[in-house]
Amino acid sequence: MTAHAHTSHTKLIWKVFIILSVITIVEVVLGIAKPDILHLTQLLGTSPLNLLFILLTLVKAYYITWFFMHMADEKKNLRRAVVWTAVFLICYLVALLLIEGAYLHEVLGSLTRW
Amino acid sequence: MEVTIPTNDTGSWNGGDRSRPLGASYGKMMMWFFILSDALTFSGFLSAYGLIRFKFIETWPIADEVFTHFPFLHGTHAPMYYVALMTFILIFSSVTMVLAVDAGRQMKQKKVVFYMFLTIVGGLVFLGSQAWEWKNFIQGSYGAVQLNDGRIIQFVDAFGHQIELEKFAANSHSERVQHTKNKGLWFVEETALPPLSLEQVITGFKTHPGITIRTEEIDAETKAKKIIPRDQAMAYLAEASNVVKGANLKVNEYGKTLFADFFFFITGFHGFHVLSGVIINIIIFFNVIIGTYERRGHYEMVEKVGLYWHFVDLVWVFVFTFFYLV
């Protein structure tokens, strides 16, 4: 698969669409059913269900970026410049803010009366 | 100083180096870096949402109880279906966009026109759906009572299901009218009065023995809102300050006002991206029709606007996860 090949990729596009649809349907079914074993247990500070949702979202993001946005066809340099910058900065930001959020909860939680 | 660089690809960015490290045209590369910066903006918003959510982890509204509407199905509890439909609409318009890009690479003008048209229609349908979602959120579903310290109290029946205030509130006629500028002091006005007064709700609560209240607090064991036994409920209602119906930037019947603020801000910002995407798509659509890119010899402009459109879809995938699923 090269950037300037003038062959049609229609088949690949529909395949990616089916993959994205199946993932979305799985997410929606799990989101409605919320199986207790996944929803009410704890894993890495949240429920396994939430981790599964985040994982499936990242898979969807991969398919959209790689095949719909044709990142797979770009030169390695462009791909790394865009993807790694985003991955590194977003992980950094999310880690800091979630740690601070948990800290705020710890400090303020005892001050809230229910 | 004019430097001529031999190049066999006129569409590429010849940034002073024959090796062309990024191998993409100037426009396409800039679109990628714009998308990168926009992705960082959105991740800033979503992680700020994460921070506030972690801060109020025990009292945050449960999305399943907030977004429960579906067109033509009144009164049914349909969590997630509508937003899943919206996701499919956006994914499908992404597919038609990538089909337009694919047709453009093969120089098939008619096909590009057709797929661009479908993409624009998909974008408009999505915008309409989002407007409907906002309308439901703003109008609210059950109504609640806010206490003096800002906490939200919701009413539930004997089965623990939320019930509408109208179902039990006393039907007393109120003489209280909204104060407008043309009556009394011209510099004083107030917002629209809630459909029910606090007295009506509390009187109704006292006369209906089957109902009780629940607070915003989430039971860690069952991940459901804690229901307060009826004999303790009046202690809460004694502190009631006003009746809340629906959600806006100042108050939210579903719980934390910040939830409404983030919802309006993030989905609004995303919706604005969709709107600008639709407008850019329409401009490119007409350019395709009048044959601009046919004369130029390539359809790279369709690819660039396609990148933006797919990015909008990509952001929605994350908004969907963090607002509706997690």
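**View 1. K223(B), with 13 C-beta neighbours inside 10 Å, counts as partly exposed.** A residue is buried if 20 or more other C-beta atoms lie within 10 Å of its own, exposed if 12 or fewer, and partly exposed in between, with C-beta atoms placed from the backbone. The model is predicted: local features need pLDDT of at least 70, side-chain atom pairs count only at pLDDT 80 or more, and totals for chains, interfaces and linings use all residues. Residues are numbered from 1 along each chain as its sequence is written, while chains are lettered from A and ligands numbered from 1 in the order in which they are written. K223(B) sits in the loop between β3 (212-219) and β4 (224-228) of chain B. Its phi is positive, near 55°, and the residue is not a glycine. Helices (H or I, at least four residues) and strands (E, at least two) are DSSP runs, numbered from the N terminus.

**View 2. M107(B) is another non-glycine residue with a positive phi, here about 60°.** The loop between α3 and α4 of chain B holds M107(B). M107(B) is partly exposed, as 14 other C-beta atoms lie within 10 Å.

**View 3. Chain B has ten helices and five strands.** Its domain assignment, automatic or from a database, gives domain 1 (26-140 + 259-325) and domain 2 (144-245). The C-alpha centres of these two domains of chain B are 37 Å apart. Of the 326 residues in chain B, 38% are buried. Contacts mean C-beta atoms, placed from the backbone, within 7 Å. Among contacts in chain B with a separation of 6 or more, 65% join residues 24 or more positions apart.

**View 4. The largest nonpolar core has 70 residues.** Such a core is a set of buried Ala, Val, Leu, Ile, Met, Phe, Trp, Tyr and Cys residues joined through C-beta atoms within 7 Å. A100(B), V112(B), M116(B) and V302(B) have the most contacts inside it. Chain A gives two or more residues from each of α1 (10-33) and α3 (48-68). α10(B) gives the most, 16 residues. Which residues does V302(B) contact, leaving aside neighbours within four places in sequence? They are A100(B), V101(B), G104(B), V112(B), I284(B), V288(B) and Y293(B). Apart from this core lies another, of 14 residues, among them Y142(B), F155(B), L165(B) and I213(B).

**View 5. Helix α6 (residues 198-207) of chain B has Q200(B), V201(B), G204(B) and F205(B) as its buried residues.** Seen down the axis of α6(B), these buried residues fall within an arc of 130°, so they line one face of the helix. The arc is taken over the directions from the helix axis to the C-beta atoms. An α-helix has 3.6 residues a turn, so residues three or four places apart point the same way. Their cover includes β1 (144-147), α5 (165-168), α7 (230-237) and β5 (240-244) of chain B.

View 6. The expected span is 1.5 Å times one less than the number of residues. Just after α8(B), G291(B) takes a positive phi of about 85°.

**View 7. α1(A) has 24 residues and reaches 34 Å from its first C-alpha to its last, close to the expected 34 Å.** Its buried residues are I13(A), V16(A), F17(A), L20(A), E27(A), V28(A) and G31(A). They pack against α3 of chain A, together with α3 and α10 of chain B. Just after α1(A), K34(A) has a positive phi of about 45°.

**View 8. 46 residues of chain A are in contact with 46 residues of chain B.** On the chain A side, α1, α3 and α4 (76-109) each supply at least two residues. α4(A) supplies the largest share, 18 residues. The chain A side divides into 25 nonpolar, 16 polar and five charged residues. Here Ala, Val, Leu, Ile, Met, Phe, Trp, Tyr, Cys and Pro count as nonpolar, Asp, Glu, Lys and Arg as charged, and the others, Gly among them, as polar.

**View 9. G50(B), in helix α1 of chain B, is in contact with residues of chain A.** Neighbours within four places in sequence aside, G50(B) contacts V94(A), L97(A), L98(A) and G101(A). G50(B) is buried, with 20 other C-beta atoms within 10 Å. The C-alpha atoms of G50(B) and F322(B) are separated by 8.4 Å, though the two residues are 272 residues apart along the chain.

Note on methods
Contact = placed C-beta atoms within 7 Å.
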